[in-house]
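This briefing covers a predicted model. It takes up a surface patch, some aromatic ring pairs and a pair of strands in turn.

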Amino acid sequence: MSTVTDTLLSVIGQPQARVDGPLKVSGAATYTSDVDLPDLLHAVPVCSTIASGRITSLEFAAAQSMPGVHAVLHRGNIGRFYRISGNSMDTGFVDEARPPFDDDVIRYYGQYVALVIADTFESASAAAAAVKVGYDVAPHDVSDELGGYENAHVESERGDPARAFDSAPVKLDATYVTPVETHNPIELHATVAQWDGEGYTFYETSQAVSNHQGTLMQMLGLPKEKVRVISRFLGSGFGGKLWMWPHSLLAAAATRHTGRPVKLVINRKMMFQNVGHRPVTQQRMRLSADRDGKLTSIRHEYLNHTAIADDYQETCGEITPFLYSVPNLRVSSGLVKRHVGSPTAMRGPGAVPGLYGLESAMNELARELKIDPVELRLKNEPRVDESTGLPFSSRHLAECLRTGAEKFGWGQRTPEVGSMKRDGLTLGWGVGACGWPGVRFSAQASVDLRADGTARVVCGTQDIGTGTYTILAQLVASQTGLPLDSIDVELGDTMQPLGPISGGSAVTASVIPAVLQAARAAVDIVLARAGAVADSPFKGAKPEELAFSAGRVHRKDAAAETGVPYGAILEAAKMYSASGNGSAQGGFDDPLKKEYSIYSYGAHFAEVTWQPEIARLQVSRVVSVIDAGRILNPFAGRNQIEGAVVMGVGMALFEHTMYDSRNGAPINSNLADYIIPSHADSPKLDVTFLDYPDTVFNELGARGIAEIGLAGIASAITDAVHHATGVRVRKLPVMIEDLLGAEQGA
Ligand code: MOS
């Protein structure tokens with residue numbers, strides 16, 4: 001393991017503006033739906049208007065004869081698709097496994113039943129509206145009441161939690177419910193597919209081009225080299241764009257059928273029906289403690305809804321087994337079938353609703369105990385991961401809580417409901433802790449140091465908008481001393497070395513070893529050449545006598561400025577570039593996880609203001625302290641947590657996809673009716689990173705920060721709502737109706 005050098009520290013850990021920023025603000029960045037190709041056709045799907053039943057007839061003759069229409073695809077003519085085998089992240093993973101039009105059965109509202117291909121989007125849309133579908137309607141169920149836990153299975157267990165609970169002096173038994181939430185990145189899902197007679201190129205809104213390729217090649221029945229997937233820029237995804245959805249296959253069928261490239265952009269309504277959502281969760285939390293606040297038991301039973309044809313588990317119990325020290329614990333889970341499209345990963349899947357349950361229960365228990373909720377958490381800080389007995393690679397939750405309390409002014413809190421006022425408003429204060437696994441996936445990268453003094457780094461990962469382009473440039477800069485603007489970053493293409501999925505907050509930790517290794521290999525080539533080329537001031541020098549910094553080769557004992565620009569050495573060596581490769585292994589079966597418990601932690605402190613006279617509630621202030629290892633780019637990092645906290649305000653107060661019980665349709669399926677926080681709803685944000693490098697995980701000690709910021713925040717807000725109003729809301733989001741008539745706080 002090499003030491004962290006001065007060069008490295010001049011770029012790693014420094015706030016850097018995004019290198020792709022100018023392309024984005026000038027409109028020059030090409031997103032998937034911007035891709036234009038000669039002879040491009042447009043495809044628009046026809047969606048089912050029932051949630052359960054069978055297709056009995058399809059009338060498309062009128063649509064087919066409309067101007068500009070090339071074809072209407074349906075079950076009878078779409079051609080063959082295959083099911084993927086194994087559904088594994090190594091070879092291809094999907095949440096909705098059924099290929100489109102695979103049978104006549106309708107299992108959710110909006111399911112694709114036909115596809116119109118036309119010259120223009122407008123012609124295709126008009127013709128899609130003219131297709132008539134007959135149905136044999138069957139009963140459906142989209143209810144968010146999930147029932148009991150009879151069929152739950154145990155995920156984690158120790159001690160005898162039932163006995164400990166029964167004999168405990170202080171206990172809490174409460175059920176928490178979170179609603180369906182829908183990913184609403186501004187960029188809609190889109191595919192531009194091109195069949196050239198031999199293979200396909202897919203321009204995709206994909207957080208995982210290699211997985212997209214693995215899925216598509218299997219479902220199309222083609223070898224890997226016949227399927228290329230490209231995703232250069234993403235207008236975010238929040239997990240909704242991790243896995244392939246059926247519209248990609250529709251686009252493939254359309255280009256296969258017409259022999260022309262086809263663009264398919266799904267609309268906002270389809271975003272609510274066809275490309276995943278966070279499922280309803282229902283969590284019964286039973287906690288007990290002795291009078292001093294030492295936890296004696298935790299039971300976490302949870303259910304989530306899933307689709308009729310696909311099982312998706314929202315792993316709410318992921319963090320519960322080790323967040324606190326407790327001798328008796330049981331986590332169990334179960335699935336409940338509903339007539340909805342398949343759920344999928346949404347920012348912090350599992351942990352986000354799960355920590356809303358656990359942390360709300362901790363806050364309620366603190367009230368029962370009459371102990372400060374920060375104090376309760378500190379009293380139950382574990383020494384090791386009690387679910388596995390493994391040591392923590394790096395855990396600073398207690399410092400997150402203490403630092404956050406200090407910055408927030410938590411010491412001023414008076415716990416009585418409605419007791420705190422400011423400027424005529426009632427204040428409520430709440431806290432929530434969070435955790436998220438440190439994950440790293442396999443990654444490969446290449447770095448070229450070019451004779452013209454620039455460099456290039458290539459890795460087949462994606463930038464979801466969070467700063468991956470910039471991180472890759474920073475990593476190369478750390479090894480070469482080159483300015484960021486002379487480093488080209490190329491990613492988002494399956495022709496490139498295999499990169500990690502943009503999921504699980506794992507990209508940074510995954511690419512660090514591969515990119516550093518590739519950069520060092522390229523540097524080593526330059527150093528080896530430096531002593532070998534004629535006329536070199538280093539003639540005869542061994543590589544180990546030389547150093548490479550600030551873009552120059554110099555003697556180790558001399559300053560960088562005395563050195564020679566590396567480009568001159570490559571010129572002299574008649575080399576266009578020095579190229580290095582790097583690769584690193586990872587995955588959910590990472591052997592390091594058998595030795596260490598590797599997680600990020602954090603604490604959020606939230607303030608709400610409450611005006612009972614007009615029932616106005618606002619989240620006014622949030623202080624977040626995050627322990628996620630070393631932060632490579634505090635500027636982009638802070639943006640991540642700020643965005644997550646604002647999303648947490650949405651989770652606590654606004655986001656809720658509602659289904660119409662009559663036809664099973666998501667009814668607020670647009671950005672006017674699906675409420676997300678506006679600027680005016682956003683609190684004053686204060687983000688602190690503790691910045692303790694987790695060098696067990698990688699040499700720079702970065703763990704990843706995308707998802708953790710959303711975990712724990714909703715429980716901090718709902719506890720603040722209780723503190724202000726006296727109303728304990730256990731079913732998200734908090735509605736103004738829940739607070740009307742609140743006696744307290746007036
Ligand atoms: Mo994240 S939900 O793993 O994109």
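In which loop does Ile 676 lie? Ile 676 is found in the loop between helix H16 (634-653) and strand S27 (684-689), and the points below begin with that residue.

**Surface patch**
- Together with Ile 186 and Leu 671, Ile 676 makes a nonpolar surface patch of about 280 Å².
- Ile 676 counts as partly exposed because its relative accessibility is 37%, a value between the 20% and 50% limits of that class.

**Aromatic pairs**
- A search of the whole structure finds 16 aromatic pairs; one of them is edge-to-face, since the rings of Phe 272 and Tyr 674 have centres 5.2 Å apart and planes at 70°.
- This pair links distant parts of the chain, with Phe 272 in helix H8 (residues 268-273) and Tyr 674 in the loop between H16 and S27, 402 residues apart, and both Phe 272 and Tyr 674 are buried.
- The rings of Phe 408 and Phe 605, with centres 5.8 Å apart and planes at 35°, form a pair that is therefore tilted.

**Strands S19 and S20**
- Strand S19 (residues 455-459) runs parallel to S20 and is joined to S20 by five bridges, and Arg 456 has Asp 488 in S20 as its bridge partner.
- From S19 the chain passes through helix H13 (residues 468-480) to S20, in a β-α-β crossover that is right-handed.
- In strand S20 (residues 487-491), Ile 487, Val 489 and Leu 491 form the covered face, whereas Asp 488 and Glu 490 form the uncovered one.

Definitions and conventions:
Residues numbered from 1 in each chain as written. Predicted model: local features only at pLDDT ≥ 70, side-chain atom pairs only at ≥ 80, totals over all residues. Heavy atoms only, no water. Buried < 20%, exposed > 50% of the residue type's maximum accessible area, 1.4 Å probe, protein only. Helix = DSSP H or I, 4+ residues; strand = E, 2+ residues; numbered from the N terminus. Pairing = 2+ DSSP bridges. Right-handed = clockwise from strand over helix to strand, strands pointing away. Patch = residues over 30% accessible without salt bridge, like charges linked within 9 Å, V, L, I, M, F, W, Y side chains within 5 Å. Areas by Shrake-Rupley, 256 points an atom, 1.4 Å probe, with all protein chains shown as cover. Salt bridge = Lys/Arg side-chain N within 4 Å of Asp/Glu carboxyl O. Phe/Tyr/Trp six-rings, centres within 6.5 Å; stacked < 30°, edge-to-face > 60°.
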